[in-house]
2 protein chains.
Amino acid sequence: MSAVYDKVALIGLGLIAGSISLAARKAGAANKIIGTARSAKTRAAARNLMLCDEIADNAASAVRGADLVILCVPVGAMGKVMSEIKPHLKPGAVVTDVGSVKQEVIDQVLPHLPPQVHFIPGHPLAGTEQSGPYSGFAELFVNRWWLLTPLPDSDPSEVSRLRRFIRALGANVEDMEPGHHDLVLAVTSHTPHLIAYTMVGVADHLKRVTESEVIKYSAAGFRDFTRIAASDPTMWRDVFLNNKDAVLDILGRFTEELFVLQRAIRMGDGEQLHDYFTRTRAIRRGIIEAGQDTDAPDFGRGPKSGPANRD
Amino acid sequence: MSAVYDKVALIGLGLIAGSISLAARKAGAANKIIGTARSAKTRAAARNLMLCDEIADNAASAVRGADLVILCVPVGAMGKVMSEIKPHLKPGAVVTDVGSVKQEVIDQVLPHLPPQVHFIPGHPLAGTEQSGPYSGFAELFVNRWWLLTPLPDSDPSEVSRLRRFIRALGANVEDMEPGHHDLVLAVTSHTPHLIAYTMVGVADHLKRVTESEVIKYSAAGFRDFTRIAASDPTMWRDVFLNNKDAVLDILGRFTEELFVLQRAIRMGDGEQLHDYFTRTRAIRRGIIEAGQDTDAPDFGRGPKSGPANRD
């Protein structure tokens, strides 16, 4: 394919930026990719890995002449980065971001946006529990959603060009209203992460009681929580601080529900528990039918067998 | 190998029983395996699958002449099954179970135990979110823990024979005190399951608000919860009703912790959140080092690549 953008600048060189660079290179979606990160160690790692065509020492020089600038920093750092790059952005350039929260990012970025620069906020629903320059891979976005939350005055031709770039990385693009995005993600991502962090924290306290048994016998559900709770602490701190209202709303609903089930356990109300557990099964079927997860038992962790392999 | 037991009877034909039968057959650990289930449909499915050497119509005839009887029914049904099989157990036979709760199972089983029959409670820490006769596979127990909670008067030679049988299925065996087992499992399995069920329940309510978006965009953490919350409702109802004290204790600790984090979000205390999220990362490393989970990003759901595959 011919490149969608001539020069793409990546600010931040973690899992998402690294994967964007590798995927764009593979697809030929950009003629030149230049990356930068605040930490000299990260920049050195990215140079060794040849993660981008060029690693700049700072954001200001990375964005010079760039047609597309992708902010791949924690949500709380978006405003600061924008204030740094603002004087160096090329007129006509498109700025997008990959933050897990959209309304707050828009509020942080817009005050720094030069008049001739387009801002089209975005969020790839892709990632792993790993982070840093070594964690990226070209296939991260394949068949994943990448949500855009264009502003009312976003230039439609620039939005559709950005969509072309994102599709070249393998993702499916959809538009969403920023506030709605933040609510949906509070349900599907932010609150589950907080809960997983909490449960792992509880186990950490108890570890002193049960020594290493909590780790040793973790296979029974808990280890899925530990995977979620191994995600990047800075990224997640910023998510919670910047999507406060939606997360507190969903947390409130969660504790209400939990207390209902807790009471059913205390009262010995087996029928209520059974009904509840039966209803939640259906959602899982929906996710598998929507192609958003494997139906391999236990995520296919075991030998690739299943019933067919019984001999 | 020569068979550890001549005749093994499986009461219940779900994921665990099916996997025991297939694994024991593969290992040659029993000369004959006879299974039964309460539901005629399950028995018919097991016959079609040739899951066991023979499918009996009821538990009483299944256990006749059996050297080892394995109770693979939900925790709440153990006492009832024991009362049914009691008059038919062979003197000198060993009865074990696979229930996720141990003290309550012991309390249910002991009143029905004939004097010349050995009861050695057990719990394989293995499973998937799937259930029923079609869900078993021979490798389910490979490198998984299988805890035994022998009673003070358990015959050591019978315990070590049972251990040999379990090892033949591929599992690692350890002994534990029943009450301690129930506390450890409340942390590593029972409470995480309840929390996952709750979060999926919250999403189910919101689904009506956000239509199918919760499912569509589930890849971001939530789908791991839905897998856990897809487990067998009857089994889990019985777990919570029969490990009430430990689960309520851990749930109490969990909500305390959650409120601390919720307050930190409300107050905007980023330092506290960051510290918490950093601590929980270490537990994940411990689990991977203990060989209890893969370190493949996202459970290896993605293409088998990682950084090495960047081209």
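Two residues are in contact if their C-beta atoms, placed from the backbone, lie within 7 Å. The model is predicted, so local features need pLDDT of at least 70 and side-chain atom pairs count only at pLDDT 80 or more, whereas totals for chains, interfaces and linings use all residues. Residues are numbered from 1 along each chain as its sequence is written, while chains are lettered from A and ligands numbered from 1 in the order in which they are written.

Q: Which residues are in contact with Leu10(B), leaving aside its neighbours within four places in sequence?
A: Leu10(B) is in contact with Ala17(B), Ile20(B), Ser21(B), Ile33(B), Gly35(B), Cys52(B), Ile70(B) and Cys72(B). Leu10(B) is also one of the residues that touch the most other members of the largest nonpolar core, which has 212 residues. Such a core is a set of buried Ala, Val, Leu, Ile, Met, Phe, Trp, Tyr and Cys residues joined through C-beta atoms within 7 Å.

Q: Why is Met50(B) called exposed?
A: A residue is buried if 20 or more other C-beta atoms lie within 10 Å of its own, exposed if 12 or fewer, and partly exposed in between, with C-beta atoms placed from the backbone. Met50(B) has 11 other C-beta atoms within 10 Å, and therefore it is exposed. Met50(B) lies in the loop between α2 (40-49) and β3 (54-55) of chain B, where helices (H or I, at least four residues) and strands (E, at least two) are DSSP runs, numbered from the N terminus.

Q: Why does Asn143(B) count as partly exposed?
A: Asn143(B) has 13 C-beta neighbours inside 10 Å, so it falls into the partly exposed class. Its place is the loop between β7 (122-124) and β8 (145-148) of chain B.

Q: What makes the phi of Met50(B) and the phi of Asn143(B) worth a remark?
A: Most residues other than glycine have a negative phi. Met50(B), however, has a positive phi near 50°, and Asn143(B), which is not a glycine either, has a positive phi of about 65°.

Q: Why is chain A called as compact as a globular protein of its length?
A: The radius of gyration is taken over C-alpha atoms, and the globule rule is 2.2 Å times the number of residues to the power 0.38. For 311 residues the rule gives 19 Å, and the 22 Å of chain A is close to that value, so chain A is as compact as a globular protein of that length. Within chain A there are 12 helices and nine strands, and 57% of its residues count as buried.

Q: How do you know that chain A and chain B are related by a two-fold axis?
A: Copies are superposed by least squares on the C-alpha atoms of residues with pLDDT of at least 70 in both. A rotation of 180° with 0.0 Å of shift along its axis superposes chain A on chain B, with an RMSD of 0.0 Å. That is the relation of a two-fold axis.

Q: How do you know that the copies meet through the same surface?
A: Of the interface residues of chain A, 100% are also interface residues in chain B, so the copies meet through the same surface. Across this interface, 102 residues of chain A are in contact with 102 residues of chain B. On the side of chain A that touches chain B, α7(A) gives the most, with 20 residues.
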